[in-house]
Amino acid sequence: MNEGDDMSAGDTGADDMNANNTGGVDSAGWQTAVISRIEPRTARMRSYYLRAPLARHAAGQHVDVRLTAPDGYQARRSYSIASAPGADAIELAIEMLDEGEVSAWFHEVAQAGDSIGVRGPLGGHFVWPAEQPGSILLVAGGSGVVPLVSIARAWRDAGAPVPALLLHSARSWDGLAYREELRGIATAYGNFSYLTTVTRDGGAAADHTRRIDRAMIAEALARLADVPGTCYVCGANGFVETAAQLLVAAGIAPRAIRTERYGG
């Protein structure tokens, strides 16, 4: 999940937002998380590692984030978790959005040591449990790769129990977040494939230089060499609709397709 529209009314700017650092758990389940470190992912995405007393998450889940200004104004967003279940810190990979109030705070203001309000983990549909049978097909558009990275990491940590493939689309080669890590997993595990496509700039190193289409889905399914038990598709609305339709056209049962989307 990515930045949405769940926010209180008002026009406070990013510079005026502060962390929710009251401590403890309130009646709505909000807790305090501390940003332990920040790492770049792409030119427009950074990973924020949180120390938070949250329950162990499942691969594919998300958390709600809440920022509070001195005047009481609050802004809330949902962000997918990138870290594997059981990791030492909760990793949120947040893309800078041109009109994003909360993403602007993270990219322009947030520093290690800052506190924020968090709630979760949340979501029970877009998850991959290690005991789930059948191969898995992961289809990501842009920052939609974040929850699929959590699934790929959980798959690796579970001992690569089933065949898996991640089809990753972005505007540019440099925009393929987690690219090197995913290529490394594909190199280390013979039953994991990483297929890339870029739609605009710098695609010489990518497998394809076009939008996801019927032929690309057919290639992914052929590489997987098995009908996927579950397909996970995440990205912007239009991307998810197109990818899901292509999967159905390729013979995948709609009940086997799980989707998560964000605005745009």
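The following legends describe close-up views of a predicted model.

**View 1. Overall composition of the chain.** The chain contains five helices and twelve strands, taken as DSSP runs (helices H or I, at least four residues; strands E, at least two) and numbered from the N terminus. Of its 264 residues, 52% are buried, that is, under 20% relative accessible area with a 1.4 Å probe, protein chains only.

**View 2. The aromatic pair Y48 and F106.** Six aromatic pairs occur in the structure; rings of Phe, Tyr and Trp (its six-membered ring) pair if their centres lie within 6.5 Å, and planes over 60 degrees apart count as edge-to-face. Y48 and F106 form an edge-to-face pair, with 5.0 Å centre to centre and 65° between the planes. Y48 belongs to strand 3 (residues 45-51) and F106 to helix 1 (residues 101-108), 58 residues apart. The relative accessible area is 0% for Y48 and 0% for F106.

**View 3. The aromatic pair Y79 and F106.** Y79 and F106 are also edge-to-face, at 6.1 Å centre to centre and 80° between the planes. Because Y79 lies in strand 5 (residues 74-80) and F106 in helix 1, this pair ties together parts 27 residues apart in sequence. Y48, Y79, W105 and F106 form one aromatic cluster.

**View 4. R37 and the ring of Y49.** The charged end of R37 sits over the ring of Y49, 3.6 Å from its centre; the criterion is NZ of Lys or CZ of Arg within 6 Å of the ring centre and within 35 degrees of the ring normal.

**Notes.** Residues are numbered from 1 along each chain as its sequence is written, and side-chain values use heavy atoms, without hydrogens and water. Local features need pLDDT of at least 70 and side-chain atom pairs count only at pLDDT 80 or more, whereas totals for chains, interfaces and linings use all residues.

Conventions:
Buried means under 20% relative accessible area, exposed over 50%, partly exposed in between (1.4 Å probe, protein chains only). Rings of Phe, Tyr and Trp (its six-membered ring) pair if their centres lie within 6.5 Å; planes under 30 degrees apart count as stacked, over 60 as edge-to-face and the rest as tilted.
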